[in-house]
Amino acid sequence: MSGNEVHITSGMQEYIDKNNKYLAERAEYIEKTVKKWKFDTIAVHGLYSVTDALKDYQGSIIEPIFMSTSQAYTDSDEMAAALAYKIPTWCYSRIANPSTYYYEWTLALLEGYGFDGATSCCSTSSGMAAIMTAVQPFLQVLTKAVEPRNFVATAQCYGGTFQQFTVRLMQERNIECRWVRDATNLDEWASKIDKNTRFLYGELPSNPQLGFFDIEAVADLAHSHNLPLICDSTVATPALLRPICHGADIVVQSVTKSLTSSGFGICGAVIARKNLVTNIDDDTLKEDFSLAIKYMQNRDFGPNLHPLQAVMTLNDMRTIRSKMDLMSRNTEKVAEYLASHPGIESVQYLGLKSHPLHELAARYMWLVDSEFDDQYQRPINRYGHLMSFCVKGGVEKTRKFFDNLQRIWRATDLGRIKSVATIPAISTHQQQGEEGRALAGIPANMVRLCVGAEHPTDIIADLDQALHAAKGA
Ligand SMILES: *Cc1c(COP(=O)(O)O)cnc(C)c1O
């Protein structure tokens, strides 16, 4: 994996044999134990076991935070084997670290829950770093001459993604991003693919417009052209949607958001299925994409996650299923309230039956394991806690309403245990300008609201008084 062939001495071979035994035991533990667990058990424990704790971590019941930059080796044979990636190693914390290792495994297992193949994960310092490091390997120059390269992506996407694709890739590197305006139109996707296309990219549900598309159909289209489908599934989290189970090759997560609902810090992840589809002739990438980018590309770029952040996020992720259930139910109530309020022009929430994409989303968005939940005992649709709505009366009334919110925080954030609202046109989607916002469908009177775990009647009361105040404006 280091990119160079290394001469293996007999001393190195001893370490390799010893570690192969460990890797075989771990693979068996994953297959025979962890993969048999329900989602909640994986979220709580991940790969961190009593055996690990007693053997290596003084019995600590919580994954330890390893702040050390690097690992010391017994001798030069062990060092040589480790740095050639012939044995698992924590060589240097930019490349690997025990705390981020547990974070990566939890996310790989949660995104791969219900998938009958294997998944792996590469942690990153942010969601933007996850997107950058996931698309980068597909955009490499394959011949000596710089050939035309393009990719196809949903125009309804996070503002930062829009900037990364238009400014960093299109303007600065002359790599064409072909925007799909109507992601539910398969012909539009198909018409944008040609021999220079490297991947398809889709965000769903999209932030903030709640765009959605038929993952299976788009994945089939991608694969029929020997291309991978990359999905940004931040808004859903693996508790509600796991695109890899529906044919996607790679998932990027802004783990910062609902997965770290406490709001303690920024982090990201790239989760990929093994043996993915690509027209790039590189077996390392195909076999284990996440590990390939982790050990090679990201070693060289350095967008690594801090171990303290990894463990704080692990703590948040343990209860992700029940939190997404509660916050989705709260959001449904708030959406229904807003939909019937005379001061509101329109409400975008996939859980509303009136939403044009409701039926499509209902095919994909399920509360994981609700059939095993005493409370439900059957499959239950849940649509997450992000919604947006447009206030009647234009920008001025919208701002007046927004400025009068008391309980709901005004912040460019989402995914929190506390309700947070923003006006995308002046915040998250400000940089992309009028034209970019029109393309993505973001009017100036749109408010994005992410409902938290408060009692929904208190959130509704806050919205009610703010709408009342705006009416008088
Ligand atoms: C926030 C967000 C990102 C970027 O993630 P950061 O962790 O803020 O870098 C990407 N995609 C979506 C859908 C987001 O909401």
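## Enclosed space

In this predicted model, the structure holds one cavity of 30 Å³ or more. The space in the largest cavity comes to about 90 Å³, and its lining is made up of 14 residues, with R94, I95, S123, K294 and N304 lying nearest the centre.

By residue class, the lining of the largest cavity divides into five nonpolar, six polar and three charged residues. At least two residues of that lining are supplied by each of helix 5 (98–111), strand 1 (119–124) and helix 11 (289–301).

## Helix 4

Helix 4 spans residues 76–83, and its buried residues are E78, A81 and A82. When the helix is viewed down its axis, these buried residues fall within an arc of 100 degrees, so they line one face of helix 4. The buried residues of helix 4 pack against helix 1, which covers residues 10–32.

At the N-terminal end, helix 4 is capped by D75, a side-chain oxygen of which lies 3.3 Å from the backbone nitrogen of D77. After helix 4 comes Y85, a residue with a positive phi, near 60 degrees.

## D325 in helix 13

Helix 13 runs over residues 320–339 and contains D325. Is D325 buried or exposed? With a relative accessible area of 5%, which is under the 20% cut-off, D325 is buried.

Setting aside neighbours within four places in sequence, D325 is in contact with L367, Y376 and R382. With R382 there is also a polar contact between the two side chains, at 2.6 Å.

Conventions. Residues are numbered from 1 along each chain as its sequence is written. This is a predicted model: local features need pLDDT of at least 70, side-chain atom pairs count only at pLDDT 80 or more; totals for chains, interfaces and linings use all residues. Side-chain values use heavy atoms; hydrogens and water are left out. Helices (H or I, at least four residues) and strands (E, at least two) are DSSP runs, numbered from the N terminus. Buried means under 20% relative accessible area, exposed over 50%, partly exposed in between (1.4 Å probe, protein chains only). A polar contact is a pair of N or O atoms within 3.5 Å; within protein, one must be able to donate a hydrogen and the other to accept it, and residues adjacent in sequence count only if both atoms are side-chain atoms. Contact means heavy atoms within 4.5 Å. On a 1 Å grid over the protein atoms alone, a cavity is a set of points where a 1.4 Å probe fits but cannot get out, and a pocket is an open set with protein on both sides within 12 Å along at least five of seven lines; lining residues have an atom within 4 Å of a point. Grid points are joined across faces, edges and corners, and a volume is the space filled by probe spheres set on the points. Ala, Val, Leu, Ile, Met, Phe, Trp, Tyr, Cys and Pro count as nonpolar, Asp, Glu, Lys and Arg as charged, and the others, Gly among them, as polar. The arc is that of the directions from the helix axis to the C-beta atoms.
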